[in-house]
Amino acid sequence: MAEKGPITSPLAEAERDITAKSLQATLVDLVDLHLVAKQAHWNVVGGDFRSVHLQLDELVSNAREFADSVAERAATIGVPPDARAGTVAESSGVPEFDSGWRQDHEVIAAIVEILGKLIRRLRARIDETDKTDLVTQDLLISVAAKLEEAHWMWQAKLSGS
């Protein structure tokens with residue numbers, strides 16, 4: 001059950017709870033995506049360094065913007081968002097990204113894998129919110145559309161490696 005607090009929700013309790021779980025899971029995935037992309041940004045090396053470095057900055061920016069929108073939607077329906085480091089580490093579904101220097105083609109392949117998994121998880125949440133909150137579903141659809149576009153662009157980069 002979602003935590004009760006000073007912000008009320010237009011949703012019934014059961015719908016709010018289902019929606020809150022989808023939003024919380026999406027929030028931690030997006031925060032972790034931001035962190036992973038920044039880690040990759042700092043450690044990428046190779047002939048395509050500059051291009052990958054800049055494309056990672058774009059992914060970081062988008063992930064942060066999406067996370068903020070998702071967190072604000074949770075707050076809007078009366079659920080306090082939780083993106084503390086421990087929460088993100090414990091519940092993110094984003095695949096692990098190794099530390100240290102990484103060749104550009106390895107980074108590209110890792111980002112393609114990470115985005116693919118995140119999109120699959122997000123699409124399941126889109127289905128979950130179909131009957132509970134169409135406003136949240138619309139937000140998740142818009143995030144999925146942008147992540148799918150990024151996935152395509154990273155895959156296109158991978159095909160040139």
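Mentor: One term to begin with: a contact means heavy atoms within 4.5 Å. Among contacts in the protein between residues at least 6 apart in sequence, 79% join residues at least 24 apart.

Trainee: What kind of model is this, and how are residues numbered?
Mentor: This is a predicted model, where local features need pLDDT of at least 70 and side-chain atom pairs count only at pLDDT 80 or more, while totals for chains, interfaces and linings use all residues. Residues are numbered from 1 along each chain as its sequence is written, and side-chain values use heavy atoms, with hydrogens and water left out.

Trainee: How many helices and strands are there?
Mentor: The protein has five helices and two strands. Helices (H or I, at least four residues) and strands (E, at least two) are DSSP runs, numbered from the N terminus. Starting at that end, the order is α-β-α-α-β-α-α.

Trainee: Why call it compact?
Mentor: The protein's radius of gyration is 17 Å, close to the 15 Å that the globule rule gives for 161 residues, so it is as compact as a globular protein of that length. That radius is taken over C-alpha atoms, and the rule is 2.2 Å times the number of residues to the power 0.38. Along the principal axes, the C-alpha atoms fill a box of roughly 55 × 25 × 20 Å.

Trainee: How much of it is buried?
Mentor: Of the 161 residues, 47% count as buried. Buried means under 20% relative accessible area, exposed over 50%, and partly exposed in between (1.4 Å probe, protein chains only).

Trainee: Changing topic, what does UniProt list?
Mentor: An unreviewed UniProt entry lists "domain: Ferritin/DPS" for residues 21–158. Positions are given in the numbering used here, feature names are shortened, and annotations may be inferred rather than shown by experiment. In the model, that span is 78% helix and 3% strand, with its end C-alpha atoms 34 Å apart.

Trainee: Pick a residue. Where is Leu122, and is it buried or exposed?
Mentor: Leu122 sits in helix H4, residues 104–128. Its relative accessibility is 1%, so Leu122 counts as buried.

Trainee: What does Leu122 touch?
Mentor: Leaving out residues up to four places away in sequence, Leu122 touches Thr26, Leu140, Val143, Ala144 and Leu147. As for Gly78, 44 residues away along the chain, its C-alpha atom is 21 Å from that of Leu122.

Trainee: And helix H5, which residues does it cover?
Mentor: Helix H5 covers residues 134–159, and Ala150 lies in it. Ala150 has a relative accessible area of 16%, so it is buried. Trp152 is also placed in helix H5, but Trp152 is exposed, at 53% relative accessible area.

Trainee: Last one, where is Pro80?
Mentor: Pro80 is in the loop between helix H2 (49–76) and helix H3 (85–91). With 41% relative accessibility, Pro80 counts as partly exposed. Pro80 and Ala20 are 60 residues apart in sequence, and their C-alpha atoms are 9.0 Å apart in space.
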